[in-house]
Amino acid sequence: MLTPEQEEKLAQFQEVTSFEDEQRDKIVRLLEHTSWNLDLAISRFFDGNIDVPEPIAIEPPHTVEPDFDFTSFSSENVLLSDVMPKFPKAVPISDTWKFHGGLISDQIPQSTQVRKPFKTVIFVFMLLPRAFFLLGTGIANLLNWIFPGFLKALEGIKNPDEIPSEPKYQYIKQEEGYDSKEASYLEDTQPPAKFEDYFQSVIGEPSDLSIFSGEFNQALEYAKTELKWLLIILVKSGTVSTTKFLKRVLNSPEFCRFIDENDIVLWLGDVNYAEAFEVGKTYGVHTLPHISLAAKVSALSNTIPLVSIVHKSHHTHIQSSTPERICNRLKTFINHYEPQLVSQRYDKQEQDFARLIRQQQDEAYEASLQKDRERERIKVELIQQELAKELFLKSNCLKIEDHPPLIKDSFTTIQFRNHQGMRVIQKFSQSSTLFDVYAFVDCKIHLREESEKKGITQEELLAEFKRDISQLSEIDLSNYDHYFEFELISPLPRYKLTPSKDICLKDVKELWPNGSVLIESLGDNSDSD
């Protein structure tokens with residue numbers, strides 16, 4: 001339970017630091033740890049050192065033998081990470097800034113400029129004993145009674161380098177054909193929303209500074225993924241200190257070289273715009289310019305690293321330092337924690353290399369599996385092709401022997417001869433096609449070869465074909481294209497017949513009403529002439 005005086009100091013602490021309600025218990029423990037010294041507590045808050053170990057409850061002495069063995073409790077059992085200070089986390093900002101309309105006018109409403117009564121005065125006198133505080137309050141009230149408006153004028157003093165109460169400008173939607181050099185802004189005095197353009201307009205020339213061109217969350221994620229340093233710089237356009245900072249520090253060769261040599265992800269923002277304002281509000285920035293250095297490191301090398309704020313350069317330090325001193329100070333923190341990043345990069349390279357090896361192994365296995373599937377597919381197709389060929393030949397052999405009788409003048413007689421002098425004469429109906437002629441020759445060759453191979457007559461072979469066809473009835477010949485290993489040539493005049501299913505014999509003058517055909521094997525070149 002806090003006393004009224006402690007409640008008052010807690011309220012003053014909240015006005016200065018704007019801490020979240022979820023942090024109230026931590027802040028109370030911090031104030032108790034610092035004996036309610038607001039100056040010391042505020043300094044530790046902005047340094048990110050607000051974690052205070054909770055007091056260990058000590059049981060009162062009693063005569064009952066305790067179950068806990070106090071001899072096992074020693075300093076070696078206390079984790080060092082529980083008592084050492086931790087870095088504040090670098091967290092992504094909320095996306096609500098994208099919907100912020102901003103303030104169009106240069107004039108900020110009076111309600112946002114006026115501070116709460118006695119904010120500045122109380123902050124000064126609260127560090128003094130209570131008697132001086134009461135004396136100062138009485139003098140201030142007396143002066144305000146003698147000079148009406150004295151306190152109002154005193155409270156209205158505003159530091160131009162403080163972060164505004166809300167964004168001043170809104171982003172301009174870029175239409176098609178947008179040209180940054182010819183863009184018109186909402187006000188004549190509004191700076192460019194793109195920081196590179198604003199930076200160039202201040203220094204009056206193109207800069208060699210490597211600035212991250214994406215959003216803040218993208219820069220934070222990129223630095224986290226690639227294990228790089230992230231340098232966050234916030235400024236406030238339109239102030240003298242910002243102009244000096246841009247010209248004296250950011251445009252200096254030393255700073256540009258420092259960014260490039262350390263491969264730093266540099267994100268800059270103007271708090272007069274919503275995104276940079278959201279960054280400042282999230283990270284507790286009060287005065288500008290502001291510099292924060294972040295990386296995926298930890299205060300202790302044996303703890304899990306998180307993207308944390310390693311260092312903050314406050315307004316007074318930035319204004320009083322040269323570019324060399326600022327770079328040297330940042331370089332000190334980089335050199336101290338760079339080994340952690342190097343170790344993580346090495347681990348990441350090993351993981352990426354192992355992942356690449358696994359990927360290559362998986363791809364090689366998949367390619368081998370695909371080849372096996374392809375070989376199996378080809379094998380199945382060849383088997384199906386052989387079965388279809390067998391069914392085609394056997395079914396056509398049976399058709400040849402069972403052909404119906406032909407009527408006179410409705411058929412042609414064709415004589416076939418091969419290079420061995422063998423001769424066969426066959427009658428074909430006028431509706432038969434050249435493909436039927438080729439099929440007849442192929443079946444005659446097949447019957448002769450199979451009967452000689454098996455040592456049986458052709459009649460016995462045909463009877464065997466009838467039995468075999470019943471077992472091949474499931475094979476579909478609708479998509480089967482038979483390949484003939486010979487050609488049929490009409491000798492006088494020499495004319496090569498094609499196995500077409502669309503040309504009838506009655507339309508071939510070389511074969512109607514009769515004809516003579518030579519059988520030439522495609523593998524025999526002796527008769528090709």
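Phenylalanine 435 is buried, and phenylalanine 484 is buried too (under 20% relative accessible area with a 1.4 Å probe, protein chains only; exposed is over 50% and partly exposed lies in between). This is a predicted model, in which local features need pLDDT of at least 70 and side-chain atom pairs count only at pLDDT 80 or more, while totals for chains, interfaces and linings use all residues. Residues are numbered from 1 along each chain as its sequence is written, and side-chain values use heavy atoms, leaving out hydrogens and water.

**Aromatic rings**

- The structure holds 17 aromatic pairs (rings of Phe, Tyr and Trp, the last by its six-membered ring, with centres within 6.5 Å; planes under 30 degrees apart are stacked, over 60 edge-to-face, and the rest tilted).
- The rings of phenylalanine 392 and phenylalanine 435 have centres 6.1 Å apart and planes at 65°, so this pair is edge-to-face.
- That pair links distant parts of the chain, 43 residues apart: phenylalanine 392 is in helix α14 (residues 323-401) and phenylalanine 435 in helix α15 (residues 434-454). Helices (H or I, at least four residues) and strands (E, at least two) are DSSP runs, numbered from the N terminus.
- Phenylalanine 392 is buried, as is phenylalanine 435.
- Phenylalanine 435 also forms an edge-to-face pair with phenylalanine 484, at 5.4 Å centre to centre and 75° between the planes.
- Phenylalanine 484 lies in the loop between α16 (458-471) and β7 (486-490) and phenylalanine 435 in α15, so their pair ties together parts 49 residues apart in sequence.
- Which residues do ring pairs link into a cluster? They are Phe392, Phe435, Tyr438, Tyr480, Phe484 and Phe486.
- The charged end of lysine 501 sits over the ring of phenylalanine 435, 4.7 Å from its centre (NZ of Lys or CZ of Arg within 6 Å of the ring centre and within 35 degrees of the ring normal).

**Helices α14 and α16**

- The axes of α14 and α16 come within 10 Å and cross at roughly 130° (lines fitted to C-alpha atoms, for helices over the stretch in contact, with angles from 0 to 180 degrees between N-to-C directions).
- Residues making the contact include Leu391 and Leu398 of α14, and Leu462 and Phe465 of α16 (contact means heavy atoms within 4.5 Å).

**Threonine 433**

- Threonine 433 is found in the loop between β6 (423-429) and α15.
- Its relative accessibility is 10%, so threonine 433 counts as buried.
- Leaving aside residues up to four places away in sequence, threonine 433 touches Ser500, Lys501, Ile503, Cys504 and Leu505.
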